[in-house]
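Hi,

Here is the structure I promised to pass on to you. Have a look at it first, and then read my notes below.

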Amino acid sequence: MDIAHLHFLVAQADPAGRKAVADLLGQIGASRVTEVPDGHIALQALESGLTPTVNIAIVDLELPGMDALELIRHLGANGSGARLIVTGAQPAGLLFSVETLAQAHGVDLLGTITRPVSAVKLKPLLEHYTPLARTPRPSTGPRFTFQEIGIGLQKRQFEPFFQPKIELATGQVKGLEAFARWRHPEHGVLGPASFIDALEEQGRIDFLDWSMIELSVERCRWFQDQGIPVPISLNTAPETLAHPAFVRQIEACLNRHKVLPDYVTFEIPESSVLNTDPDFIERLVRLRMMGFGLAIDDYGTGRSNLQLLARIPFTELKIDRSFVDGASKRRPLGTVLKSCLGLAHSLDRMSVAVGVETRQDWDFLQSLGCTYAQGYHIANPMEAAAFPPWLADWRQFF
């Protein structure tokens, strides 16, 4: 990697150690290095905007005045765009925790290095540097009242968009996850941020769930009629699943559209696994007996009881995007991801990594033996009519 165009900041109390790191950077190609002796000056340099802007700051964990932990906290609060590398004489396990802390604060930490710093240790971390900040997510858009959303549902303005689920070992499309979208007559296509909160506040998320179930199963039939027998996954609130009439209504829905239960997987949030209500567990067992799939969604964000998790008859473990995006570059994320994949494997369940946004993430997941992948690197959620041509293009590569 050519680092001649990057501006480095080296923050370390010991003048000899600081100079050694600066000299090392010069030897491997850096042309602009700023040295500072303590944390306060380092923070000022990163926040006041040196010219040119600092791209990468190499900071010692035990800086005087303000140590690296406090510096990370300030940078997280102020949204600094600089990437960090933390060095220290501490054990690797402690430096590992610093990486986790930086992640929690939202600071882009390229990694940690146990002193002394060497080219062998430094170069792999510099390879993680990307010159442009991550593209910001689209704005959430307008918000609507419960009554306005109800009218939209009645007028069938809501529809499912589908994101492909790819088998990493073969590259084949093995499923589609349905995402609710609102084709608003004035505002165009809107995502859940515009309507989920109002439905949840009124305790009527089931209105949306049933609309998406009906329309998604209908689209599933349409895909099969196009010669594309692809299963679908539906995000379903626990309260929708727990309704006494759920099984009867879902059977009627599948009969209307002539779709078999093994083409439908219900995704429930990890927090639902904490539910030890026997009626709810019976409902899950009954759905599996009927042939439906069950996926634990957003795994890693809750505090599920592992013993209970092992007893729930789920077929897929969907690993939350916060542990997937960038896992190939961030050791703490990679460690958690490996643990989640190991759990799925040990329970003989399929693993689904959500939030795969780069080729590096794809390759990393493939090397770890993950079963399926979803994310923007593969495809954005798309309307049903767009899926057949997308699939034809995808199959040219696999």
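Which residues does Val-264 touch, not counting residues up to four places away in sequence? They are Val-217, Ile-232, Leu-234, Leu-254, Val-259, Phe-292 and Gly-293, where contact means heavy atoms within 4.5 Å.

A word on the source before going on. This is a predicted model, in which local features need pLDDT of at least 70 and side-chain atom pairs count only at pLDDT 80 or more, while totals for chains, interfaces and linings use all residues. Residues are numbered from 1 along each chain as its sequence is written, and side-chain values use heavy atoms, with hydrogens and water left out.

Now the overall picture. The protein has 15 helices and 15 strands; these are DSSP runs numbered from the N terminus, with helices (H or I) of at least four residues and strands (E) of at least two. Of its 398 residues, 48% are buried, meaning under 20% relative accessible area with a 1.4 Å probe, protein chains only. Among contacts with a separation of 6 or more, 70% join residues 24 or more positions apart.

Next, the cores. In soluble globular proteins, nonpolar side chains tend to be buried together. A nonpolar core here is a set of buried Ala, Val, Leu, Ile, Met, Phe, Trp, Tyr and Cys residues joined through side-chain atoms within 4.5 Å. The largest one has 61 residues, and Val-264, Phe-266, Phe-387 and Trp-390 touch the most other members. Helix H13 (residues 331-346) gives the most to this core, with six residues. A second, separate core holds 25 residues, including Ala-11, Val-36, Ile-72 and Val-98.

Gln-163 sits in strand S6 (residues 158-167) and counts as buried because its relative accessibility is 4%. Its side chain makes a polar contact (a pair of N or O atoms within 3.5 Å, one able to donate a hydrogen and the other to accept it; residues adjacent in sequence count only if both atoms are side-chain atoms) with the side chain of Gln-374, at 3.1 Å. The side chain of Gln-163 also reaches the backbone oxygen of Ala-379 at 2.9 Å.

Leu-168 lies in the loop between S6 and strand S7 (173-184). Is Leu-168 buried or exposed? With 2% relative accessibility, Leu-168 counts as buried. Its C-alpha atom is separated by 8.1 Å from that of Gly-369, 201 residues apart along the chain. Leu-168 is also in contact with Trp-362, Leu-365 and Tyr-372, among others.

Happy exploring!

Technical notes
Buried < 20%, exposed > 50% of the residue type's maximum accessible area, 1.4 Å probe, protein only.
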